[in-house]
Amino acid sequence: MFNFKCFKKLAAITLAASMAVSSVYMPGLTSRAYTNPYDDANALAWEDYGIGDPFVMKYNGLYYLYYSTKDRQVGVQCLVSKDLVHWEKAGENGFCSTEEITKGAYAPEVKYYNGKFYMYTSPAGQGHFVLVSDSPTGPFVKASENFKMSIDGSVFVDNDGKWYFYNASDYGIIAHEMSSPTAVNTAEIRTGAWMNSINAPSNTYTPGVWTEGPFVIYHNGKYYMTYTGNHIHSQGYRINYSIGDTPTAFHDLSEGPLLVETEGDVTALGHSSTVMGPDLDSYYIVYHNLVDKRGSKRKMNIDQLVFNGDEMMVLGPTTWGQTDPKLPEICEYFGTDYDAGKWTVKNGAVDKGFVDLSLEGSILSKASTTEDYSVEYNMTNTDTNGTFGGYFGYKDSKNYGFVGLNKDTSELEVNLVVKGKSTELRKALPKSFGKNLDLSKNQTVRVAKSGNNYEFFVNDMLMEAQEITGLGAGRVGYWANSASGKGGFIAASSESMDSSAYAVEQPVPGAFPARDYAQGSGNGISHGKKARQQLLKAGDFLTYNLNVKEDGVYDVSFMGNATAGTKVTLKADNTGVNQTPFDMAAASGNTTTSASQTASYIYRGIRLTKGIHTFSVNVAAGELMVEKLTFAKEAEKFEGYTVDYSKDTDLNGAYTDDSKLAESAKVFKLEDEKLSTGDNTTGKILYGSEEDGDCEIEADVTVKTASGKAGILFKSQNASVGGADNDAVVGRNFVQGYLAGVDNGKITLAKLNYNYKTLASKSFSVQDNQTIHLKVITKKDRITVFANGEEVISYVDSNPFLSGRSGFRTDSTNASFDNLTVTPIVSEERKELDKPQVTPTGTPTICPTPTPARTVAPTPTPAKKVTVGTSKITKVTVKKGKASVTLKKISGATKYKIVYANNKKFKKSKTYTTKKTSKISFKVKGLKKGNTAYFKVFAQKTVKGKTYTGKASAVKKVKVK
């Protein structure tokens, strides 16, 4: 539950003005307080530059956001938040530094250490500097000379106190050891974290490939590095991650990008940082998206990050209302609004943001924690002897836990008192640069408890993990144990050791771990906290909370394995989805599934409305071991299509608009009533919708030489080109989908997920200039490929793409394509869903109860309202009586009305109507040289002979030349 009291107290500590954030109201549930991107946070940032390369750190209970400085501007801006949602200006008028070296400061990151805050930044990409401050809001002043190295410096401190500096390079992400907070060793360590779309990851330089934006965290014994690439102006700019057993050696565990989006309004996602949420357990990834396709304006986004065994997953990217990060149940900043009624103080006082305790002084919350919890303390030991620290699990003077920092011995001390018997644990605090932590400066200590398992952290460094019995729920607070000290922000949350993921409303569409089911469901099944799989036997059930983006039909895939005869019933909002038990074996193309095999069981056809729902998986018979669930939106009506190049005069609606595939599309041309490419060309072209599901695809493919590589793309989404110039070659693998085609004398089936993975291949006689008729049948997780009528490949993908566009791809080949036909295959589940509801005949009973349709949270279908989006003028010039205009393309718009005048009130304006959105050129009247002209545009849509007009765009003004 949202802790309104804590939120109110937090709000009183910083500026009174908080930003309004768009919301979605859901009765009886926590409000959806934020929607990506954070437009309001960006309103506080650089004009026409926004928030790029966002970095968030937490200190003493508050979050601080730093971001790149606009080119040629001086100073670093800073925002502060209590909850990761509402942001306000911090520092001096929003600036935490005005040092001259911050001109164009790229990707500033801040690290706290022993009372000082160190900022690492690369001004205009020219090496790196360190700045230092006594406060997270500055002023930060220069503390080092330029120690060179490429952009995006990031610092990580390991559990042993050792510091590492990471930066971008031509060889992936490079690590350096540090000899002090202001000194980085020049020796390079190639980490293996590498975003390479052309060849397999290696330590050799590959032209056109670039990796940047590193960030490292430690979790459950593993090191995770997120990084980004390939170029900010590519729609294929994305975030990947790698995993390591050390902080300097990583390998790619994932099958593809951690975050990528090329098809919506929020695209080109990159440069992230990760921060723990206010509940002291969850993780959030903070990243930006590009606003201007060829500019530098960016906006900030935030989504929850979860773990599935060793796998890292982001519940996103989301662009619809999400629940606020959960706040702790107990929290106190000990500021001027200190709530004395909720605390018991002995031998102490509260003043200026701290509780000040003398010898044997204490302060205890009157409220108690739950059995499992996390507690955060911010503490300063002001004495030379004894230990200052925090209480946890406090019941009375004979039953409590205590964790503290001993300034004299530089140790973490844990004292457990059960029924008056004391057990002590001591752990030497790690040294950084050969020096002890300065315990006279604020240090952060965190305790996490789950069952009898405890973990103890100091400044996010894991000090000790212990099994402790005899202590449960209790009060929290501070205690000066034969010492004196000060306590800052303190918080206690009911979440610990990844339990925060269980309460998440899983974004749909999207994928999430099976183990993250809602608390209280599962028929007594225990959450496998660090496990990847969840076992269900007959009679077991799991329930998930879903946050559905929009009304529609959805498919769900269960990744895992099932015994023969496993049958499942599905429910949404306690309403049965399937009329008869769902046979898992029939739902997968894998007919030989064993306990050691992983498969995908797909159910197509669940109608959901926008908003919050529950979704339950109930095992009626057999056993199901499930790893993760994936929901995808299915086309409301997928009718199929044929592309006849003998009749078309252009590329016939291919998905090549704007910068997504524009450079790739230049590879293709209509020639001899076919779609052809030039010599040694690479490109891809797509048709249809990203919501197209199972289908049969046929086409004729001709390669000029037998060694050529060309074929059919299908179930394809998030297609893009790559590199600084949106190069089709750099972006040859920039798509999520499948490819079936000829490849050097073979028929090959491959999976493309911003990389290339051969799934199956078979030798096949291919002659120069031979036309091969390819047919692909996609049915759930099975893909069957035919060549000239012969079945050559049958493959089952255990982690399949569920839907997407179809089209063609050529790779360094001269090829031609013809007779593309896409025919939908309708699943039995979808047929059942689409059956019209039959009204029973006969004499009705009084107050009859209708049989519910398989529709979740049904809403009446409103009369269709034609809406037209708002276009935008991205570029305009007026020269020698002619205007050149570029517009933002609006889906469904049939034409655009450009209005111009020589005054901003548009008196005596003139109009020009066009169907194009780029390279529009037309003569203008009444615009005099040297004056300012004003332009705006309206998108229009014609439906059944009637024209509908969208809202006016923002006005664009330009000097007439």
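How many bridges join β7 to strand β8, and in which direction do the two strands run? In this predicted model, β7 and β8 (residues 116-123) are joined by 7 bridges and run antiparallel.

Backbone geometry was examined next. Most residues other than glycine have a negative phi, and most peptide bonds are trans. Against this background, the peptide bond from Asn36 to Pro37 is cis, with omega near -5°. Pro37 is placed in the loop between β1 (32-34) and α2 (39-43). A cis peptide bond also joins Gly316 and Pro317, where omega is about 10°; Pro317 is found in the loop between β23 (311-314) and β24 (322-323).

Positive phi values occur at Asp53 and Asn788, neither of which is a glycine. For Asp53, phi is about 55°, and the residue is located in the loop between α2 and β2 (55-59). The relative accessible area of Asp53 is 9%, so the residue is classed as buried. For Asn788, phi is about 50°, and the position falls in the loop between β59 (782-787) and β60 (790-796). Asn788 counts as partly exposed because its relative accessibility is 41%.

Charged side chains provide a further set of contacts. Side chains of opposite charge can pair when their charged atoms come close. Over the whole structure, the search returns 40 salt bridges. One of them is formed by the side chains of Glu413 and Arg426, with an N to O distance of 2.7 Å. Because Glu413 belongs to strand β31 (residues 411-418) and Arg426 to strand β32 (residues 421-428), the pair ties together parts that are 13 residues apart in sequence. The two partners can also be described by their accessibility: Glu413 is buried, at a relative accessible area of 6%, whereas Arg426, at 40%, is partly exposed.

Arg809 takes part in a salt bridge and in a polar contact. The salt bridge is with the side chain of Asp811, at 3.6 Å from N to O, and both of these residues are buried. The polar contact is made with the side chain of Asn733, at 2.9 Å. Asn733 lies in the loop between β54 (709-717) and β55 (736-743), and its relative accessible area of 3% is the reason why this residue is classed as buried.

A pair of aromatic rings is described by the distance of the centres and the angle of the planes. The search of the whole structure gives 44 aromatic pairs. Among them, Tyr377 and Tyr478 form an edge-to-face pair, 5.9 Å centre to centre, with 65° between the planes. Tyr377, in strand β28 (residues 373-381), and Tyr478, in strand β36 (residues 475-481), are 101 residues apart, and the pair links these distant parts of the chain. The relative accessibility is 0% for Tyr377 and 0% for Tyr478, so both count as buried. An edge-to-face pair is also formed by Tyr391 and Phe402, with 6.4 Å between the centres and 70° between the planes. Since Tyr391 lies in strand β29 (residues 387-396) and Phe402 in strand β30 (residues 399-406), the pair ties together parts that are 11 residues apart in sequence. Both Tyr391 and Phe402 are buried. Ring pairs also connect Tyr377 and Tyr478 with Phe334, Trp343 and Phe388 in a cluster.

Contacts between lysine and aromatic rings complete the description. The charged end of Lys751 sits over the ring of Phe801, at 5.1 Å from the ring centre. Lys775 lies over the face of Phe786, and here the distance to the ring centre is 4.8 Å.

Conventions. Residues numbered from 1 in each chain as written. Predicted model: local features only at pLDDT ≥ 70, side-chain atom pairs only at ≥ 80, totals over all residues. Heavy atoms only, no water. Pairing = 2+ DSSP bridges. Helix = DSSP H or I, 4+ residues; strand = E, 2+ residues; numbered from the N terminus. Buried < 20%, exposed > 50% of the residue type's maximum accessible area, 1.4 Å probe, protein only. Polar contact = N/O pair within 3.5 Å; in protein donor to acceptor, adjacent residues only side chain to side chain. Salt bridge = Lys/Arg side-chain N within 4 Å of Asp/Glu carboxyl O. Phe/Tyr/Trp six-rings, centres within 6.5 Å; stacked < 30°, edge-to-face > 60°. Lys NZ or Arg CZ within 6 Å of the ring centre and 35° of its normal.
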